[in-house]
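Please read them alongside the sequence and the coordinates.

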Amino acid sequence: MKKVLMILALAAFTTGIAQENKNEKKETVVTKTAVKSEKGTDVSTKAVTKTEKQVITLADSDSNQTNQTMTMEPMKVSSDVSYGYEGNRFKFISQKDEDGYRLMTVKDNATQEEYAIIKPTSQEGYYILAKDGTSSFGYFNADGNFVVEHYDADKDAIVSNIYKLEMNKN
């Protein structure tokens, strides 16, 4: 009986100290907006969660050595929001060691394929969206929507496309 208890205690101990090799940071930003009218004050609240994950791996040459070298994989940043445009859903995906974002299509709540590349300009808050060999100018408006503007030579006008912010329902 003593041996069985010792084996169970050892199994519980080794399971308790097992670790997953990744760094993770989660940040939630809550925005409250108050609108006063003759009916009173209406307060709306939005919460956006941003998660940063980084996998930690061992160098291949160190797999069987006592002193091992740890390498940090690229940081992957994601949030619980997506953007809608012309009936499609999109998500901004970034990696810490790269400038800008990749705008990815979302189908069935899974990131699918790259739609465009978004790089910051020298003016803070403004971006260049590169898609199919063309470049457009983009920024986030006060509502959190991503507005992309480009020149249409046929219309001789600036055309705005608005990617509307959508809160994911979990």
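1. E114 counts as partly exposed in this predicted model, at 41% relative accessibility, where partly exposed covers the range between buried (under 20% relative accessible area) and exposed (over 50%), computed with a 1.4 Å probe and protein chains only. E114 forms a salt bridge with R102, and the closest N and O atoms of the two are 3.3 Å apart; the term is used for a side-chain nitrogen of Lys or Arg within 4 Å of a carboxyl oxygen of Asp or Glu. Because E114 lies in strand β8 and R102 in strand β7 (residues 101-107), the pair ties together parts that are 12 residues apart in sequence. R102 is itself partly exposed, with a relative accessibility of 29%.

2. On conventions, residues are numbered from 1 along each chain as its sequence is written. The model is predicted, so that local features need pLDDT of at least 70 and side-chain atom pairs count only at pLDDT 80 or more, while totals for chains, interfaces and linings use all residues, and side-chain values use heavy atoms, with hydrogens and water left out.

3. The structure holds three salt bridges, and one of them brings together the side chains of R89 and E166, at 3.9 Å from N to O. Since R89 belongs to strand β6 (residues 88-95) and E166 to strand β12 (residues 157-167), this pair ties together parts that are 77 residues apart in sequence. R89 is partly exposed at 25% relative accessibility, and E166 is also partly exposed, its relative accessible area being 31%.

4. Another salt bridge is formed by the side chains of D132 and K131, with an N to O distance of 3.1 Å. Here D132 counts as exposed, at 70% relative accessibility, whereas K131 is partly exposed, with a relative accessible area of 24%.

5. Which residues does Q112 touch, not counting those up to four places away in sequence? They are M104, T105 and K107, a contact being defined by heavy atoms within 4.5 Å. Q112 is placed in strand β8 (residues 110-120) and is partly exposed, with a relative accessible area of 44%. Its C-alpha atom is separated by 9.4 Å from that of F90, which is 22 residues apart from Q112 along the chain.

6. Strand β10 (residues 134-140) and strand β11 (residues 146-152) run antiparallel and are joined by four bridges, pairing being assigned if DSSP finds at least two bridges between two strands. Y139 stands opposite V147 in β11. The two strands form a hairpin with five residues between them, and G144 in the turn has a positive phi of about 90 degrees.

7. β11 also pairs with β12 in the antiparallel sense, over seven bridges, and Y151 has I158 in β12 as its bridge partner. The hairpin of β11 and β12 has four residues between the strands, with D156 in the turn at a positive phi of about 50 degrees.

8. For the chain as a whole, the secondary structure comes to one helix and 12 strands, these being DSSP runs numbered from the N terminus (H or I, at least four residues, for helices; E, at least two, for strands). Buried residues make up 22% of the 170 residues, and among contacts between residues at least 6 apart in sequence, 28% join residues at least 24 apart. The accessible surface is about 12900 Å², of which 51% belongs to carbon and sulfur atoms, by the Shrake-Rupley method with a 1.4 Å probe.
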